[in-house]
Amino acid sequence: MLRDRAATALVLEALKYSPVVLVEGPRQSGKTVLARDLVGARVPSRYVTLDDALVLASAKADPQGFVESLEGPVILDEVQRAPEIFLPIKLAVDADRTPGRFLMTGSADVMLLPKLSESLVGRMRIITLWPFTQAEIEGTPSRFVEAVFADDNPPPLQATATREDLVARACRGGFPEAVALPEGRPRDGWFRAYATTLLERNVLEIAAIADRVAMPRLLSVLAGRSGTLANVSELARLLGMARATAERYVGLLEKVFVLRLVPPWSTDTSRRLVRAPKVLLTDPGLMASLAGIDARRASTDQEAFGRLLETFVGCELLRLVASHGLDVQLLHFRDGKGNEVDWVLEDRAGRLVGIEVKAAASVGRGDVRGLRALALTAGKRFHRGIVLHQGSSIVPMGDRMWAMPIEALWRVTDM
């Protein structure tokens with residue numbers, strides 16, 4: 001079944017104004033389907049994929065001639081495989097800035113790749129497509145982020161998801177192919193194959209790595225630490241590698257969208273660059289597979305369940321912000337007194353919404369301690385604090401503080 005994506009509207013709008021539109025994101029997140037089938041059905045275009053060996057050879061051998069042969073609107077799939085074509089595309093766009101000429105997809109963050117970052121800056125619109133949100137899987141819209149930034153109180157909601165439901169959703173993740181597979185051996189096999197292909201193909205496309213063993217080990221360790229502060233020195237010691245090598249490998253995992261280092265919030269934006277970021281594996285299903293967390297372990301190991309749930313929520317927030325084109329940044333908060341907030345959303349006006357994730361069905365006063373510390377530090381910029389938990393109702397927890405079911409992430413459909 002072909003599912004529509006929230007990002008479809010973003011791409012269609014971008015094609016009206018920009019000569020180049022890039023849809024970037026993790027491999028197997030649905031970029032090709034979005035560009036070729038969903039957008040292509042409304043804006044007919046020629047489809048060219050650089051996964052085709054002959055097409056790739058042509059693009060590399062004569063990039064200028066290859067681009068000149070592309071008549072009319074064209075979809076270029078997996079463009080990171082041929083960085084040679086970016087300069088010819090720049091020249092073609094400079095000569096003719098007709099909107100919608102090139103719709104490209106890429107499985108590596110082209111703005112972080114040295115060969116590509118300079119060619120099309122200022123000439124293209126970039127849209128990141130993550131795997132499915134829970135709302136997309138359900139076939140409903142989600143206005144959660146808009147609702148928590150609204151001035152009105154959160155809308156009423158009666159949630160029904162059980163702990164078992166939340167574990168199942170998290171372990172399923174959002175990759176379209178994984179979502180379609182039954183849980184157990186078929187889906188587990190898909191995640192293992194995905195991790196192998198990701199490292200052996202996508203990472204090697206952008207960097208020469210001599211040690212083929214260290215990278216998979218690093219990815220597994222990072223999966224087990226998703227939701228915790230990044231400590232590259234400790235990772236390097238644990239894996240027996242130089243710190244510089246560990247930093248490079250972590251950077252490569254960011255470039256292929258399997259990992260995000262979420263920066264901390266502080267009143268001084270320059271300090272975000274020097275304080276410890278937080279590790280987020282960008283799909284909870286992949287995180288669970290790599291960290292060895294299944295339904296049975298999540299039911300008995302509270303720490304593992306907590307990490308899985310925090311990753312699940314972080315991924316949903318990341319995807320909702322991107323798919324709706326919201327000018328909102330995902331951050332975290334930690335002060336010197338031990339107070340912390342799992343996730344912080346900051347909008348363009350500097351307003352903050354703190355989101356604490358609790359693996360429990362009830363919420364007490366102590367559960368808003370970190371949110372109160374954030375409110376005190378942020379002052380007027382603090383808009384609202386949310387404790388996402390396993391309960392069934394939305395209830396106030398004091399001044400600008402609310403407890404909400406985790407299910408609100410995909411069940412809040414209006415404001």
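## Sheet, helix packing and pockets

Strand S1 (residues 20–24) and strand S4 (residues 102–106) run parallel and are joined by five bridges. Helices (H or I, at least four residues) and strands (E, at least two) are DSSP runs, numbered from the N terminus. Two strands pair if DSSP finds at least two bridges between them. Within this pair, Val 21 stands opposite Leu 103 in S4.

This is a predicted model, in which local features need pLDDT of at least 70 and side-chain atom pairs count only at pLDDT 80 or more, while totals for chains, interfaces and linings use all residues. Residues are numbered from 1 along each chain as its sequence is written, and side-chain values use heavy atoms, with hydrogens and water left out.

**The sheet and its helices**

The open sheet has five strands in the order S2-S3-S4-S1-S5, with parallel pairing. Strand S2 (46–49) and strand S5 (124–128) are at the edges with a single partner strand each, so one side of each has no neighbour in the sheet. From one strand to the next, the twist averages 20°. Axes are lines fitted to C-alpha atoms, for helices over the stretch in contact, and angles run from 0 to 180 degrees between N-to-C directions.

Helix H1 (residues 7–17) lies across S1, S4 and S5 and runs at about 175° to S5. Helix H2 (residues 31–39) also packs on the sheet. H2 touches S1, S2, strand S3 (74–77) and S4, and makes about 155° with the direction of S4. Contact means heavy atoms within 4.5 Å.

**A helix pair**

Helix H9 (residues 163–172) packs against H17 at an angle of about 60°, with the axes 10 Å apart. The crossing is left-handed, meaning that the near helix is turned anticlockwise from the far one by less than a right angle. H9 contributes Arg 163, Leu 166, Val 167, Arg 169, Ala 170 and Cys 171 to the contact. H17 contributes Gln 302, Phe 305, Leu 308, Leu 309 and Phe 312. These residues divide into eight nonpolar, one polar and two charged. Ala, Val, Leu, Ile, Met, Phe, Trp, Tyr, Cys and Pro count as nonpolar, Asp, Glu, Lys and Arg as charged, and the others, Gly among them, as polar.

**Pockets and cavities**

The search uses a 1 Å grid over the protein atoms alone. A cavity is a set of points where a 1.4 Å probe fits but cannot get out; a pocket is an open set with protein on both sides within 12 Å along at least five of seven lines; lining residues have an atom within 4 Å of a point. Grid points are joined across faces, edges and corners, and a volume is the space filled by probe spheres set on the points.

| Space | Volume | Lining residues by type |
|---|---|---|
| Largest pocket | about 740 Å³ | 17 nonpolar, three polar, six charged |
| Second largest pocket | about 430 Å³ | nine nonpolar, four polar, eight charged |
| Largest cavity | about 50 Å³ | four nonpolar, three polar, three charged |

In the largest pocket, Glu 24, Thr 128, Trp 130, Arg 260 and Ala 322 are closest to the centre. S5, strand S6 (259–262), helix H17 (302–323) and strand S8 (328–334) each supply at least two residues of this lining.

The second largest pocket has Gln 28, Ser 29, Gly 30, Val 33 and Pro 176 nearest its centre. H2 gives the most to its lining, with five residues.

Thr 128, Trp 130 and Ala 322 are also among the residues that line the largest cavity. H17 gives the most there, with three residues.
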